[in-house]
Each structure stands twice: as structure tokens, then as C-alpha cells.
Amino acid sequence: MSDIIQSLAAGLAMGAIYALIALGINIIFSTSSIVNFAFGDLAMISTFISFSLMSTFHVPPVLAVLLSIAAGMAISLLMQVVVIRPIGIHNLENRFEWLLILLGISIIFKNLARIIWGPRPRAYPNIFNDSNVTIGNVHLSTQELWILIVAIAIMVIIEWMNRSTRLGWAIQATSMNKEAASLIGINPLRIISYTFLIGGGLAAVTGILIGPVTFLSPEMGTMVGLKGFSAALLGGVGSPRGGIAGGFMIGICEALASLFLPADYAPAIAFGILILVLLIKPTGLFGRTIIEKV
Amino acid sequence: MQGEKQLAVGIKQPFEEMKKRVNWIALMIAILGLAALAVLPLFASQYVLFLLTQILIYGSVVALINVAGYSGLLSLGHGGFFAIGAYTTAILATQYGQNVWLTFPVSLVAGALAGMIIGFASLRVKSLYLTMITIAFGIIIQKLAEAMESLTNGPRGLAVPMLFQNPWTLYLVILLFAALCFWISFQLPRTNWGRSLFAIQGDEISAESMGINTKMTKILVLTLSASLTGLAGSFFGIYLGYISPEHFGLDLSFLFVLMLLVGGIGDPYGPFVGSLILTPLPMMLVWFQDYQLLIYGLLYIAAIYLFPKGIMGTLKKLVHRRASKEAPSVSILENGPEWLPFYTGQEDKSRRAGGEEDAGPLLQLRGATKRFGGLVAVNALDLSIANNSIHALIGPNGSGKSTTLNMISGIYRLDEGDIWFDGEDVTGVGAFQRSRMGIARTFQAPRLVNDLTALDNVKMGFYRSVKESILSGLTYFPALGKEKMIDEYARSLLEFVRIPDSARVQVKNLTFAERKLLEIARALATRPRLILLDEPASGLSDKEMEQLIEIVKNLKRNGLTVLLVEHHMDFLASLAERVTVLDFGRKIAEGSIKEISEDPLVIQAYLGQQEELADGAS
């Protein structure tokens, strides 16, 4: 029984990571209809940047984290330009060029990282001291606790932004209808850029949070990114709360499955759940069904 | 009538003759080319032979991805089908000591089953999400190959026995297989079934309205593509002599799509051009080992920026630019033909004559009700459409006209009531089946496949009305007669709707009026008895409208029944024999155009407080 509770706790921490990625993917998707496929790789690059800042240039951890978040935002904005430039912002949902460009970017990121930092996994310096917190008879590492705290704080901030700030309203207006939004004085391209900036920052934070748990490697972003994406799909792309729920679900399912099955099966399980859910409810658990007008 | 038809055929004779001769030459070239490819490795090094073998295997898979893409799916999971085939052969041959030849049918079946699963997924999930599912599928297969150690030997991989002592013999077998894959991707767009794939890609709703079973077709094309990809995987294992999960990573599926992208999506030559360029690349880049994938990534992006349609697409565009200068200007004929190509037969007339004796309506709605949430769009509507009549449905915006058409064509299911067509209850019958029974329709905003020519769009309509099996379509020569007939019919239909010059023009370059007429031609290709026209006159100029009136009159003359939804009163006045007026989903009046224009309820629905206005004026 305590085994189950213990892995539930670990699953909760990983779930928070997936939920953060899903949140980042959702916010970009809501304005641009682009599913940022290179999100995990962007997280990886940002984490490596903070790693180099700390270990090579001896920048204090807090500053290094802030700088790498800024780097994540800048790279994300650059991605937006590269992806949207050849296609334009309209009718993106019916094109697939952006998907292929993002695949290309993902390949480039991975190999740039391999060239700059080498293919070997590296240990990420633990910013918080490496200790355990015991609640009842469940042990959580401080890192896992921090993941949960930071993730929940970010979720609350994003929710607040969407509800009570002018930017949040503009994002919602743009996601409903770009043409109509531009008629009331909103520049859709600018709002899309803002969401890419927010998404980039989220990617960096996610990478830094997960760095000490998994090792740093050029491949670290791919699987985490894909699972975060699965979380977004599971909850229904475009639904921030759905994505968060989807993230925790995948994290917990994975952790529970690892109790009964060899660890090799874990990735197959995460994606198996995704396919199953999409087959049962194509719009995701919290997605809305759209009736096409003829 | 017969004379006129022959005249039309006579005009097109030279074109067909030319086409036929070119086909023979193409066949000769194809055979010679295949022979040259077969003997080529005999004059080259062993290294070139291996390289060519791999180019052909990859090219085949990319061709099969292309075929699946005809229906609108971009698959990033073909590496999964490929792995399934490779592992099927390796496990059966190495672990269970079976004959390698005997494993091939098993690979085909295993690939087909996996394709069917993704096919079922494609019914539920659309475009982008489906692509994501294919990615997830590819990952699952690779991870399972790693995890199921007792069968697959895990990450250490499996040896695969040789098929022939001489690698050239294996090359010949793979060459034949590649030729088959090329042929399928080349010939499919020229068959009825292949055109139905493009119709689905363009618009599933209008595909159903042409009698295409979109669900079945999507499952079928994925099953076909996946099962052959499985066989390609078997060949790949034999060619390498050893397989491990590493060979089938996500990167492989990406590489396939990159090849398709560089070669040109949708073009039959594209996959092999892409494979020819990209397969040797890793070997050429061996000095830049570290930068290899980086270059792939840059190629991905460069391909999209520089050649959005791939190398073949770019070449075609260059050729096309020269040809398009000679293209005839598009204009509407002054006087089109009054006959429909295959409505001149006796069979239909006798069927209709029988119907007239019964004097029953061709179409009948009884208490038809459709609700959207709390909104009742159509409320207990009774409607009878007499055979061979021109019936109009009018009413203010939001009165339920389009909903009624959607109920008749089967896009919406009724919440209450029933629909009878030609004496049969069709309430529970699906859209594509109603089309097959003889209900055709056009859409308020034309739903055509914009990237294809007008002629190809009309040809899609013949999906059911001219029967042609997939096999006879693919074996080409038996189908030539059918294809010729379809081509003639399609051109005659374009003449019938008076846009014959648009045949070779892409739909996106047609005017709005031409598109509306083209949709009528496509609907007629399904050989309907009842045709539903959703606001055919909207957006048309006065002159175009006169043409349209003539065309609709010709429809009646040819024995069809027409149900129109229209706002334009002058247009209706010269056509409609009977008019039904809807308001807030209810029928408020029915009769001749004169009767309803004097009906006080109708006047009120359209003009609101008519009496007050009248009082004020007097």
C-alpha cells in the first residue's frame, strides 16, 4: 500500500511537469493553432544554457535561471518567426507545413545540443539542497516538492492572467477569431508572439525543474515533450485546465504502471492511453465538440 | 438524341487517339527503364548495388505514405508498419525456423491489421491529431520491440536469414516490389477509387454526397498502404541481415516524410526522387557524422521554404507556366446542349413513367423535426416533392431551409418524423447511400477540391454511377474503356452546364459562378433522380442567372426532379412550379409563386408589419 502511495507521489511530480508542458503547448495553440512540437527540445536547450551559465561561467543560480528563461523566450520567438513566415497566420489549422518545420527545428536543436554539449548525459546541479521531506510514510525529494509548488503557482498565475488581465482577454479574443480580434484593435500576430514568449518561458522553467530528476542529455526533451503533448491532447487541445488534468493523469498512470510492469513498457503505456482516449473521445476529455455548418 | 451524343464523341476523338498512343510509348519506356534498372548493378560495384536496394525499399515506403496521403492523412508512423513487417519475418524465420518466403504473407497481414487499427482511429480523429496518433503508434511499436525480449531479443536485435545467395537476385525482387508501389501511387489517381480518395481529402461531406463511403475508404487505403509497408519491412530486414529497435526510431518515420517532402507530396515520382537524393546522403556525409542530423533538420526547413511542392512540384510548375500561356480563356458558352449524356437511355424513362402512373411524390417528409440543443431549426415539416417538378423552398434567414436540405441529403439525422424517397423509407439511411439511391446536391458555398481541375472534380462524381473495380482500375488496360467513357461523360457534363473550357483549369482559378455550375455538373455525374440546389443563383450576375435558368429547365426536360433553396424572386418566378415557404422552422404557405406572393402570412414573414406600412402610405 505504501508502495502505491509512494509512486503516486512520484507520479504527481512528473504529472506536474507534463501539465506545465501541456499548458505551454495549449497557450501557443490557442492563438495560433500551432502545436509546438519542439517544445520539449526547447526546454532541453534552455536547461543546457542554464547549466553552462552555472558550471562554466559560474553565474549565481538565480541569475542563471532567469537568464535561461529569457533565452527560452527569445528562442521561442525566433521559432514563431521561422514557422509562421512562410505560411501566414490565417488558416494555420488546415496546413501541415508548420508541423514539418517544427520537426526540422526539433532535429536541429537535438543535434546542436549534441555538438555543443556532447551526447553523454550530465548531472544537473541541484539548486535546492538534496534532501528528503517525509510526510507520513511517504518520502518526497525537495526537488519533487519544488516541482509541485512551482507548477501549481504557474498554473494559478496563467489562470489569473487569462481571466483578469488585458493580455489574457486579448489572447482569448484572438483564439476565438483572428479577424474579429483585429477589428477591435488587437494585432493577432503580436498576441501570437506574446503566447510564444510565455510558452518559451514555460519551456525553460519546465526544463530547469526536471533537470535534477532526469539527467541532462540532448534526448531528454523528446520523450518529455511528447508526453506533455499527449497530456494536452488527452485533456483536449486548447483547454488549459484539461491539459493540466491530462498531465497529472499521464504522470500517475505511468507511475502506477511501473509498479506492475517492467520499466521498459512505461512509454508504450503513456501513448497507449492517449490513443485509447482519442478513440473514445476525439476532442479529448475536456474538449468541446464542434458541429460543422454546411 | 443519339446523333447528338455521337457528335460529341466525334469532337473528342483526336484527343483520345493521341492519349492512347502516348500510353503505349510510356509502357515501352517503362519496360525498358525497368530492364535498365535491373541490369544496372551488374556494371557497378557491390556498394552501388546495396545503395540502390536501399533507395528502392525507402522509395517504396515513401510511395505508400504518399498513397495514404491521397486521402489527406500525413503519416509519421509508417516506421511502425515497417518495423512490424521486419520483425514478423525476423521472428518467424529466426526464432521459429520458418521459410522466409512463407513469412511474407504473414508480414502483409500483420501490416494490414496495424493499418486497420490506425484506419479506425482516422474515423474518430481528424488531420493533425491523426498525424499525432501515427507518431504515438510508431513510438509504441519501437518500445514494444525493445521491451518484448523473449520474442525480439530486445535492444540486441535479431539476425535475419538470407533469401538468396546473390544480392542481385534480392535486388531484382525488391525492384519488382518498388515498381508495384510506384504503379499503385501513379495509377490510383486515374481510377474511380483513387479519385474518391482525393474527394475525401478535399471535403468529406461533399464526398459523401457523391456516394463515397468515406469511412470504409479511409480504412481501406490505410490497410493497403500499411500492409505493403509491412512487406517492405520484411525486405529491409533481409537486406540488412540484422534488425534491432534502433533501426525503427522516430527518426526513420521523419526521414520518410522528409523524402516525400523533398520529392514532392502527391506526385508519383516524388517518393523515389526523394529517396534517391536522401538515402545516399548519410554515406556522403560520413565525414560530418556529428552534423548529419543537423543537416537533415536544415533540409526539412529549406525544403518547405524553397520547394513547398517538392522537386517534382517545382519542375511541374516550370513546365506548367509555359503551357498555361496557351490555355484558352474561360468563358460561358452562349448556347449549351440541352441533353444530358446518359439520361437519354430508355431505362430511366420507363422507370419514371411507372412512377408517374402511381402519381406518388418522389420525395416526402413527414413531421420532420431537427433540433440543435434548445433551438428547433425545423419543426414538424411536411413536404412532398412531385416527380419531375421544380420545387422551391423559400423563407427568411434562419427559417430552416438549409437544415431541410441537410436532412434530405442525410447530413443531419432527424430527431422526429421520417423521409420517404421513391416509396422507400430512407430516414435511417446514411448520406453516401442516399446519394447512391439518386439524391444529389450542391452546397451554398461550393465544396470542391480546389487543387484539382474542373474535369477531375466532375470525374469524382462518377464514383458509383460508372462501375469500375479497384483491380481493373489498377491493371489499366481493361479500365481504359471505362476511363474513356468517364472522361467523355465528364466533358459532356461540363458542356451541359456551359463551362466546357474550364476542363483543364484548377478549381481555385475559376470564378464563383463557374464553381457553382461545376458543382451542378459533379452532382449530375452521380446520375441522380432528385437534385437539391442550395442557393444556386446567389452571387451570380443577371446574365449568368439566365444561363442557370436554362440549365435548370434542361434538368427537368431530362426527367430530373429539382428542389431549390433560393432568395432571388425573379429567378424563382421563371422556374419554380411549386413553392414552399418556411418561417422559424415551420411551413407557413405552399402553392404557385403567384399564390404565395399574395399570402398575407408570407408577406408578414418577409416584411414584418405590412398593414401598418400600408396604413401609413395611404
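Chain A has an average pLDDT of 85, and 95% of its residues score at least 70. The model is predicted. Chain A touches chain B through 31 residues, which meet 34 residues of chain B. Chain B itself is divided into domain 1 (20-250) and domain 2 (347-617).

**Confidence in chain A**

- Helix α8 (residues 188-210) of chain A has the highest confidence in the chain, at a mean of 93.
- Strand β1 (residues 132-135) of chain A has the lowest, at a mean of 74.

**Contact between chains A and B**

- The contact involves 31 residues of chain A and 34 residues of chain B.
- On the side of chain A that touches chain B, the elements giving two or more residues are α4 (97-117) and α11 (266-280) of chain A.
- α4(A) gives the most to that side, with 13 residues.
- By class, the side of chain A that touches chain B holds 25 nonpolar, three polar and three charged residues.

**Domains of chain B**

- The centres of domain 1 and domain 2 of chain B, taken over C-alpha atoms, are 42 Å apart.
- In the contact between these domains, 21 residues of domain 1 of chain B meet 28 residues of domain 2 of chain B.
- α7 (167-187), α8 (192-202) and α9 (204-209) of chain B each supply at least two residues of the side of domain 1 that touches domain 2.
- Seven residues come from α8(B), which gives the most to that side.
- By class, the side of domain 1 of chain B that touches domain 2 of chain B has seven nonpolar, 10 polar and four charged residues.

**Sheet in chain B**

- Six strands of chain B form an open sheet in the order β8-β9-β10-β5-β11-β12, with mixed pairing.
- β8 (439-441) and β12 (586-591) of chain B are at the edges with a single partner strand each, so one side of each has no neighbour in the sheet.
- From one strand to the next, the twist averages 20 degrees.
- Strands β5 (residues 390-394) and β11 (residues 578-583) of chain B run parallel and are joined by four bridges.
- B:His391 stands opposite B:Arg578, a residue in β11(B).

**Helices across the sheet**

- Helix α17 (residues 401-409) of chain B lies across β5, β8, β9 (530-534), β10 (561-565) and β11 of chain B. Helix α17 of chain B runs at about 150 degrees to β9(B).
- Helix α24 (residues 542-557) of chain B lies across β5, β9 and β10 of chain B, and runs at about 145 degrees to β10(B).

Technical notes. Residues are numbered from 1 along each chain as its sequence is written. Chains are lettered from A and ligands numbered from 1 in the order in which they are written. This is a predicted model: local features need pLDDT of at least 70, side-chain atom pairs count only at pLDDT 80 or more; totals for chains, interfaces and linings use all residues. Domain bounds come from an automatic or database domain assignment. Two residues are in contact if their C-beta atoms, placed from the backbone, lie within 7 Å. Ala, Val, Leu, Ile, Met, Phe, Trp, Tyr, Cys and Pro count as nonpolar, Asp, Glu, Lys and Arg as charged, and the others, Gly among them, as polar. pLDDT is the predictor's confidence in each residue, from 0 to 100. Two strands pair if DSSP finds at least two bridges between them. Axes are lines fitted to C-alpha atoms, for helices over the stretch in contact, and angles run from 0 to 180 degrees between N-to-C directions.
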